Amino acid sequence: MTETRKKSLDTNSNSYIIIYSAVMVVIVAFLLAFIFQALKPMQDANVALDKKKQILAALNIRDLDNVAAAARYSEVVVADRIIAADGSIISEGSNGGENAGFRLNSADYKAGKLALYICKVDGQTKYVIPVYGMGLWGPIWGYIAVNDDKNTIYGAYFNHDSETAGLGAEIKDNKSWQDKFKGKTIFGDKDNSDYIAIAVKKPSDIKNPASEVDGVTGATLTSDGVSMMLQECMSKYKVFFYEK
Amino acid sequence: MSKLFSKENREVLENPLNLDNPVLIQVLGICSALAVTAQLKPAIVMGLAVTVITAFANVIISLIRNTIPTRIRIVVQLVVVAALVTIVSQILKAFAYDVSVQLSVYVGLIITNCILMGRLEAFAMMNRPWPSFLDGLGNGLGYALILVVVGGVRELFGRGSLLGFQLIPQQIYDAGYLNNGMMTMPAMALILVGCVIWIHRAYFYKEK
C-alpha cells in the first residue's frame, strides 16, 4: 500500500518530472550523436557519389550503377579546377576530380570560388560548371557541360530541393527537357561577352532560338528561376568563357 | 507460442488492416498519404518506415508506460517518436540514398503522423509490450496497404509505369493515349483515397 502510494506520488511530483525529462533528453541526445557519427562516412560517400552522377548526367552519361558511375567519373574528369571570377586559377585540381573543385558548395560559389571540371569525353575536351539558383519553393542547381569552343552547350543537368512534383520537378525528371539545352549557345555574339543570350522563355517569347529554350509547361516560375540561374552563373564564368 | 498469438492478439494485429484501418476508418495520416503516393516506390518505403516506427515506438512507450509522468506524457511520446524517426532517416541516408532523396522532407513528417501519436496514446499507454508491438505493426501495415493501392493507381495512370517499369507499351501512346497528368497532383490522391474509402465501406466493412 505504502509502496504504490509512494510510486504514484513520485511520478507526479515536479522534481520527478524534471529529473525524468532531463535523463530522457540526455539519453536520446547521446544515442542520436552516436548514430550520426557512426553513419556519417557512409552518408558522405553517398552524397559524393550522387554529385558525381549529376556531373556525368551533364555530360550525357546517364543511368550507370554506383560502381560504374564512380569508375567512369574518375576516367572522364581530368581536373576539378578552382577559378576566380577574373579568370585566375586558385587551384589546379587533380586528375579524377575529387579534391579541389569537387569539394566546393554553393557558399564557396557565392564567395567567388568557382568550380570548373575539365573533362575528356571521347577525346574531346568539355568544361562542366555547376550552377546554383532559386526555384519557386527552394534552391535549384545543376551542371552545364560546354564544348571546347566555350560557347556551345554539350549537355545539361538540373536538380531541385522542393519543386512541385510533375511541374517544377520536371527540370530534374524530364530528360528530354534537359536535352533541349544541347547545342544552344551561351553568348549570342561570341565577341560581346556582356550579352549572355542563354535563357528559358515561353515559346511565344523566343526570338533567338539558337540560345533560348522553351520553358516547362505549367512551371513558369521554376523555369524563370532556371533562366535567372543560368544568366547569373554564366556572368560569373564569362571571363573564363571569353578568353580565347 | 499459442499465448503470443491468442485471439485477442490476433485481433489487435488484424483489425487495423480492415475493420479498424487507420486511414479508412480512423481517417488518420491522410496528409502523408497524399504527399508520397505519386509513385509506388516512395509509397512502399513510407509505409514500411511508418510500420517500423509505429511498432517500435509502441514497444518503447509500453515498456516505460508506468514511469511516464502523466502531465508530460505527450512530450515523452514525441521525444521517443522523433528520436526513432531521426534514426530511420539517418539509416536511409546511409544505406538507401536514392530513396531518402525521394522521400526528402516526408521522413521528418512521420513525427507528426497522427497514426503514431494516436496509437501511442490510445494503445501503448495502457497495454503490455507484445500486444503494443502487434498493434503498431497492424496499424502501420494498414496504412501501408492504402498507400500502396493509391500509389499504384497514381503511377500506373499518371506515368504508365509501376515501380519505374514502363507497363503501358509505346504503341498505345503512338495511337494517341496520354498519361493523366492529374494523377500526379496531390488533389487526385485525395479523390482516390475517397474512392478507396467508398469501396471499402460498400464491400469490405461490416458493422459489428
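These notebook entries record what I looked up in a predicted model of chains A and B.

**Entry 1: nonpolar cores**

I began with the largest nonpolar core, which has 47 residues. Within this core, Ile61(B), Leu103(B) and Ile110(B) touch the most other members. I then listed the elements that each supply at least two residues of this core: α2 (14-58) of chain A, and from chain B α2 (30-35), α3 (40-63), α4 (73-95), α5 (97-103), α7 (114-122), α8 (129-159) and α10 (186-204). The largest share, 8 residues, comes from α3(B).

I looked up the surroundings of Leu103(B), leaving aside its neighbours within four places in sequence. Leu103(B) is in contact with Val36(B), Pro42(B), Val45(B), Met46(B) and Leu92(B). I also noted another core, of 34 residues, lying apart from the largest one. Its members include Ile129(A), Val131(A), Ala156(A) and Ile198(A).

**Entry 2: the contact of chain B with chain A**

I recorded 22 residues from chain B and 24 residues from chain A in the contact. The area buried between chain B and chain A is about 2100 Å², and carbon and sulfur atoms give 66% of this area. On the side of chain B, Arg71(B), Gln90(B) and Tyr97(B) lose the most area to chain A, together 24% of what that side buries.

Which polar pairings cross this interface? I found 0 salt bridges between chain B and chain A, but 6 residue pairs in polar contact, both residues at pLDDT 80 or more. The elements giving two or more residues to the side of chain B that touches chain A are α4 and α5 of chain B. Of these, α4(B) gives the most, with 10 residues. I sorted the residues of this side into 14 nonpolar, 6 polar and 2 charged.

**Entry 3: helix α7 of chain B**

I next examined α7(B), where Ile115(B), Leu116(B), Met117(B), Arg119(B) and Leu120(B) are buried. The cover over the buried residues of α7(B) includes α3, α4 and α8 of chain B. At the N-terminal end, Asn113(B) caps the helix, with a side-chain oxygen 3.0 Å from the backbone nitrogen of Ile115(B).

I found that Arg119(B) forms a salt bridge with Asp135(B), with the closest N and O atoms 3.0 Å apart. This pair links α7 and α8 of chain B across 16 residues. Arg119(B) counts as buried because its relative accessibility is 11%, and Asp135(B) is buried at 3%.

A further salt bridge joins the side chains of Arg73(B) and Glu121(B), at 2.8 Å from N to O. Arg73(B) lies in α4(B) and Glu121(B) in α7(B), so this pair ties together parts that are 48 residues apart in sequence. Here I noted Arg73(B) as partly exposed at 27% relative accessibility and Glu121(B) as partly exposed at 25%.

**Entry 4: chain A**

My search of the whole structure gave 8 salt bridges over all chains. One of the pairs I looked up is Glu212(A) with Lys201(A), whose closest N and O atoms are 3.2 Å apart. Glu212(A) is in β8 (residues 212-214) and Lys201(A) in β7 (residues 199-201), so the pair ties together parts 11 residues apart in the sequence of chain A. Is Glu212(A) buried or exposed? Glu212(A) is buried, with a relative accessible area of 5%, whereas Lys201(A) is partly exposed at 31%.

Finally, I checked Ser227(A), which is found in helix α7 (residues 220-236) of chain A. Ser227(A) counts as buried at 11% relative accessibility. Leaving aside neighbours within four places in sequence, I found Ser227(A) in contact with Ala199(A) and Val200(A).

Conventions:
Residues numbered from 1 in each chain as written. Chains lettered and ligands numbered in written order. Predicted model: local features only at pLDDT ≥ 70, side-chain atom pairs only at ≥ 80, totals over all residues. Heavy atoms only, no water. Core = buried A, V, L, I, M, F, W, Y, C linked by side-chain atoms within 4.5 Å. Buried < 20%, exposed > 50% of the residue type's maximum accessible area, 1.4 Å probe, protein only. Helix = DSSP H or I, 4+ residues; strand = E, 2+ residues; numbered from the N terminus. Contact = heavy atoms within 4.5 Å. Buried area = accessible area lost by both parts, 1.4 Å probe. Salt bridge = Lys/Arg side-chain N within 4 Å of Asp/Glu carboxyl O. Polar contact = N/O pair within 3.5 Å; in protein donor to acceptor, adjacent residues only side chain to side chain. Nonpolar A, V, L, I, M, F, W, Y, C, P; charged D, E, K, R; others polar.
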